Amino acid sequence: MLVDAFENRTGDPKLDALGRMAEDWLSQGLLRTQLVDVVDPRVVFVQTRSAGTNAIDPLALARKTGATFVVTGNYYRTGDSVLFQAAISDARTGRIVRVVGPIGAAHDSAVKALDDLRSRAMTALASVVDFHGAHGIESGGEIPPFDAYQAYVEGLDAYWHGDGRRAEHLFLDAARRDAAFTDAAVAAASVVSNENECAVVDSIAHSLNAAARPLDRIQRLTLQIAVARCHGHNDEMLRLTLERADLEPQTSSLRLSAVAAALWANRPHRALELLQHINPETDLAWSTDSSHFYYWSGYAEALHLLGDHRAELESANRMPGIAPLTKAWLRGRALAALARPAETLAIVDTLLTLQTETSNSLGLAPYTDGRAEYSATPGWVAFWIARELAVHGDSVTSRAVATRGLEWCRSRPPNERATVEERLVAVWLLELTGAYADAERSARSLRAEDSTNVDYWGMLGSVAAEHGDTALADSADRWLARQTSDVVGWSASYYRARIAALRDRRADAIARLREAADKGVWMTYLHFDPALVPLHAMPDYVALTALKD
């Protein structure tokens, strides 16, 4: 089932949000009936309404995603009332099989009509699919006030377009406007957990758990996932995410969340099992990212952790060519691990001529997300390939790739070369070429601009350790040891382990890595760091990083 945003025919643009509200409210109601799978409403709007001249007709999108039925509708004004009308169509033929409405409400309380619309639409659907009437249909709770719901649907759109901070603000605003609007509060907790603001997440969870109105199963799971994510409880996050994925439709974006959770929990076999049940051509057809970055990068990461680099390369080769920089990154990483330096260098030479791709939004560093237009650059990709070469013992090719990456950085326009994101990438590349004094100067410059940034302190301490400045390395380590807030997460412990390993203090490095693991470290990040290679043969390191499946 696909539900389209309703079309505003009132002539009043102030009522535009009602169309999104109708789509979301109806989708949530249909999903709760468990009569049918529902195509993710957050992305139907993006594909059918907000893509400008590239907008997809809802019937075409339904066929692309495998939906059997489509709900479309409109609302118009007559006198002092707003009337809603909906139609259920067979996606295969385009034939309208049921009509719902018109359903009216006073202009100043038009949102109240949506409850009646949803109830009748669910009854109509039940009769169409012959599920023995309307068994299991329920209203799903009172609809929130107009202003709260408007903030909520705008928050969904902001989140889906990558603006997490705006989404957080809108969700919290919606929750403040109506204390009973649990969907808004749960959504706020999910977004805030990505920023490791655990006090806010815990506060939201406490308020919702103490509220008189109980959460439904998906809401409760989503809230528990946010708490686990924020506190670095990766195994618990995976368990909860898998349970939630079983309740979501096959086309839901949350199935990819389960893949990510499996990788964070260091369970690449489980991630592969999940990915093998997702067909990107149909199940992800709703996505505005036609390269399906999260699907292909998840596949590559799982195979990389398993050491199956030939399959990893084959997977990268299958990725659509619509995102050539990202594809080059995945291919180059696999080739580096396969010890094929000539092919790796050829890929690097090509990718350094490409444009930044903002769909690759993994973040810049453990603590710094970075602006996508300055972080997911060709220089950043060259750095990761150079690191992979170094991890696998090819220091000569690694230095060659890092040198070419530096040349790319230095060729950038001054305003882009001056951004903190590109300067941090340059520090990493300088480190890989052995230019430690230059790397230290650049890291000092970054720290001078932001003395609270864990990545700047961590890299400054690292390069100091590499060229024998023990006083500076110790100073950085002491500062990092004091950074224990939830927002810092595992990043400070990781950098302390890095500094200790570079100073050949292996027992200390292992102890710091245990701290990072307790805080939910992303194990893949440890694998990609050549500074930790001397630890790889140590039994404690092997046990700490061993795959869990």
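Tyr295 is buried in this predicted model, with a relative accessible area of 6%. Trp296 also counts as buried, at 7% relative accessibility. Tyr295 and Trp296 form an aromatic pair, and a search of the whole structure finds 20 such pairs.

**Aromatic pairs**

- The rings of Tyr295 and Trp296 lie 4.9 Å apart, centre to centre, with 90 degrees between their planes. This pair is edge-to-face, because planes over 60 degrees apart are classed in that way.
- Tyr494 and Tyr525 form another edge-to-face pair, with ring centres 5.4 Å apart and planes at 90 degrees.
- Tyr494 belongs to helix 25 (residues 491-502), whereas Tyr525 belongs to helix 27 (residues 523-527). The pair therefore ties together parts that are 31 residues apart in sequence.
- Tyr494 has a relative accessibility of 1% and counts as buried. Tyr525, at 5% relative accessibility, counts as buried too. Both values fall under 20%, which means that each residue meets the cut-off for burial.

**Charges over rings**

- Arg229 places its charged end over the ring of Trp264, at 5.3 Å from the ring centre.
- Arg318 lies over the face of Tyr299, and here the distance to the ring centre is 5.9 Å.
- Each of these arrangements counts as a charge over a ring because CZ of Arg is within 6 Å of the ring centre and within 35 degrees of the ring normal.

**A buried glutamate**

- Glu23 is located in helix 1 (residues 17-33).
- The relative accessibility of Glu23 is 0%, so Glu23 counts as buried.
- A polar contact of 2.7 Å joins the side chain of Glu23 to the side chain of Arg20.

**Nonpolar cores**

- The largest nonpolar core has 107 residues. Within this core, Leu351 and Trp428 touch the most other members.
- When neighbours within four places in sequence are left aside, Trp428 is in contact with Leu364, Ala365, Trp380, Phe383 and Met459.
- Another core, of 60 residues, lies apart from the largest one. Its members include Val3, Ala17, Ala86 and Phe181.

How values were computed. Residues numbered from 1 in each chain as written. Predicted model: local features only at pLDDT ≥ 70, side-chain atom pairs only at ≥ 80, totals over all residues. Heavy atoms only, no water. Phe/Tyr/Trp six-rings, centres within 6.5 Å; stacked < 30°, edge-to-face > 60°. Buried < 20%, exposed > 50% of the residue type's maximum accessible area, 1.4 Å probe, protein only. Helix = DSSP H or I, 4+ residues; strand = E, 2+ residues; numbered from the N terminus. Polar contact = N/O pair within 3.5 Å; in protein donor to acceptor, adjacent residues only side chain to side chain. Core = buried A, V, L, I, M, F, W, Y, C linked by side-chain atoms within 4.5 Å. Contact = heavy atoms within 4.5 Å.
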